[in-house]
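Please open the model in a viewer and keep the selection panel at hand.

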Amino acid sequence: MTDPPAVPAADAADSDERQTLESFLDNYRNIVVRKTIGLSDADARRHLVASATTVSGLIKHLRWAEFGWFDQLLTGSSDDNRRPHDRQWEFEVTAGEALPTLVDEYQRQCEHSRRIAADYSLDHRVAHRRLGPVSLRWIYVHMIEETARHCGQIDILREQLDGATGFYG
């Protein structure tokens, strides 16, 4: 696992639209990863709420969300962001899926998403089966929302697990 930057990109406060969107998304991607630092694999698998939500499951889901929106939809390889598996599978962590592996896969998928997005303008549109045309701009905003929402869930789970709160824990 590569340690993410400790401080969000300060240049987003006075930058163009694309850099702002990229900075906000990368900030939340990095917070998600930082929230896992020092967490044991066993704790990352613990069920603390009634649903199947765990820290590891959220990391696994976010990896697939990156894949669905950037790798499948934006590249045009699919007209939807659905994966070939049941969505619930994304939250189920198998014995062979250790937290460091899930975090590494998430970070690699995020890097791949960055490379894919770099080839398109914010106005580039792709057809989505349910939503109609969506732009890269819309995908960025959606992924900021998606990642931030799950980051908040990870934050609460982490606090329940070991009391760690704030930017790093």
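Residues 24 or more positions apart make up 75% of the contacts in the chain with a separation of 6 or more, where contact means heavy atoms within 4.5 Å. The model is predicted: local features need pLDDT of at least 70, side-chain atom pairs count only at pLDDT 80 or more, and totals for chains, interfaces and linings use all residues. Numbering starts from 1 along each chain as its sequence is written, and side-chain values use heavy atoms, with hydrogens and water left out.

Next, colour by secondary structure. The chain holds five helices and two strands, in the order α-α-α-α-β-β-α from the N terminus; these are DSSP runs, helices (H or I) of at least four residues and strands (E) of at least two, numbered from the N terminus.

Then display the surface. Its accessible area (Shrake-Rupley method, 1.4 Å probe) is about 8300 Å², with 53% belonging to carbon and sulfur atoms. Of the 169 residues, 44% are buried, that is, under 20% relative accessible area (1.4 Å probe, protein chains only).

Now select Val32, Leu39, Val55, Ile59, Tyr106 and Ile154, the residues with the most contacts inside the largest nonpolar core, which has 19 residues. Such a core is a set of buried Ala, Val, Leu, Ile, Met, Phe, Trp, Tyr and Cys residues joined through side-chain atoms within 4.5 Å. Helices H1 (17-34), H3 (55-74), H4 (99-118) and H5 (136-162) each supply at least two of its residues, and H4 gives the largest share, five.

Centre on Val55. Beyond its neighbours within four places in sequence, Val55 is in contact with Thr36, Leu39, Ala44, Ile154, Leu157 and Leu161. Finally, select Leu25, Ala117, Val126 and Met143, which are among the 17 residues of another core, apart from the largest one.

Definitions and conventions. Buried < 20%, exposed > 50% of the residue type's maximum accessible area, 1.4 Å probe, protein only.
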